[in-house]
Amino acid sequence: MDRKQNLNRNETFSFINPWIRYFLFFFSFLFWVFSLLIVAIGVYAKVQKATDTVRDTFLIDPAVILIVVGVVMFFITFCGCIGALRENIRLLKTFSFSLTFVFLTQLAIAIMGFFYSEQTQDALGKFVKKAIVHYRDDLDLQNLMDYIQKEFKCCGWNNYTDWSWNLYFNCTHENPSTERCAVPYSCCTPVPGETVINTMCGFGVQTQKYLDANKIIFPVGCADKAVLWIESHLLLVGALALGLALPQIAGIVLSQILISQIQDEITSVL
């Protein structure tokens with residue numbers, strides 16, 4: 001009788017915790033669906049563009065960035081999802097390694113950004129300069145720059161005269177554009193009670209001195225405004241960083257636990 005009970009107990013016992021297995025599956029499935037959504041949004045944004053002849057904007061195109069991030073997320077979460085469901089060690093190891101690599105890369109970028117702040121600011125400056133140069137060439141870049149300038153209440157990277165980098169806003173006498181010496185409307189200070197946005201509010205601003213321009217637009221560059229925003233929102237920045245790191249750490253730990261349990265299960269059968 002005791003022998004039969006021991007045999008039944010051995011048949012039903014498993015080293016694999018179903019709670020860990022299914023939690024990892026649903027965890028990966030949730031982010032897998034999210035990655036498909038990101039790819040879909042990126043593809044839709046890319047297809048909706050009438051023309052895309054400017055190759056120089058490819059690496060800073062928000063639609064392309066969304067597609068790349070979505071594809072990477074899809075691959076990683078697919079490995080975690082199927083690996084947990086099928087108890088496949090290879091897929092789980094791929095999931096764990098990929099997630100660890102992404103996490104360490106993000107950590108390295110954050111550390112380098114902290115210790116090499118000037119170089120990081122220069123790199124961001126190059127990105128913004130390209131966005132300003134191709135402001136009229138790419139609708140996504142235009143919307144992104146307008147959003148940044150509205151939210152941070154800034155204009156350009158260093159100051160409002162940076163908009164001379166753009167072909168249309170260039171402030172040289174040889175420029176035949178009607179927008180010569182202007183800045184985008186997103187630089188303008190909002191007028192109380194204004195129902196219709198005046199898109200010509202920034203015309204001729206680059207010819208004005210700083211104090212005069214300050215009456216019409218936000219003359220401070222987005223570089224200084226971004227630094228001030230981070231310094232005044234350290235708690236929010238920390239919470240966002242923690243919110244980004246915790247799911248990745250959880251995925252790495254859970255996948256390693258599940259791999260160990262599957263290996264114990266295989267060893268007990270052999």
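Trainee: Phenylalanine 25: buried or exposed?
Mentor: Phenylalanine 25 is buried, at 15% relative accessibility. Buried means under 20% relative accessible area, exposed over 50% and partly exposed in between, using a 1.4 Å probe and protein chains only.

Trainee: What sort of model is this?
Mentor: It is a predicted model, where local features need pLDDT of at least 70 and side-chain atom pairs pLDDT 80 or more, while totals for chains, interfaces and linings use all residues. Residues are numbered from 1 along each chain as its sequence is written, and side-chain values use heavy atoms, leaving out hydrogens and water.

Trainee: OK, rings. How many aromatic pairs are there?
Mentor: The whole structure has 11 aromatic pairs. Phenylalanine 25 and phenylalanine 29 make a stacked one, 6.1 Å centre to centre with 20° between the planes. Rings of Phe, Tyr and Trp (its six-membered ring) pair if their centres lie within 6.5 Å; planes under 30 degrees apart are stacked, over 60 edge-to-face, the rest tilted.

Trainee: Where do those two sit?
Mentor: They are 4 residues apart in helix α2, so about one helical turn separates them. Helices are DSSP runs (H or I, at least four residues), numbered from the N terminus.

Trainee: What about tyrosine 135 and tryptophan 163?
Mentor: That pair is edge-to-face because the planes are at 80°, with centres 4.9 Å apart. Tyrosine 135 is in the loop between α5 and α6, and tryptophan 163 in the loop between α6 and α7, so the pair ties together parts 28 residues apart in sequence.

Trainee: Is tyrosine 135 buried or exposed?
Mentor: Tyrosine 135 is buried, at 1%, and tryptophan 163 is buried at 0%.
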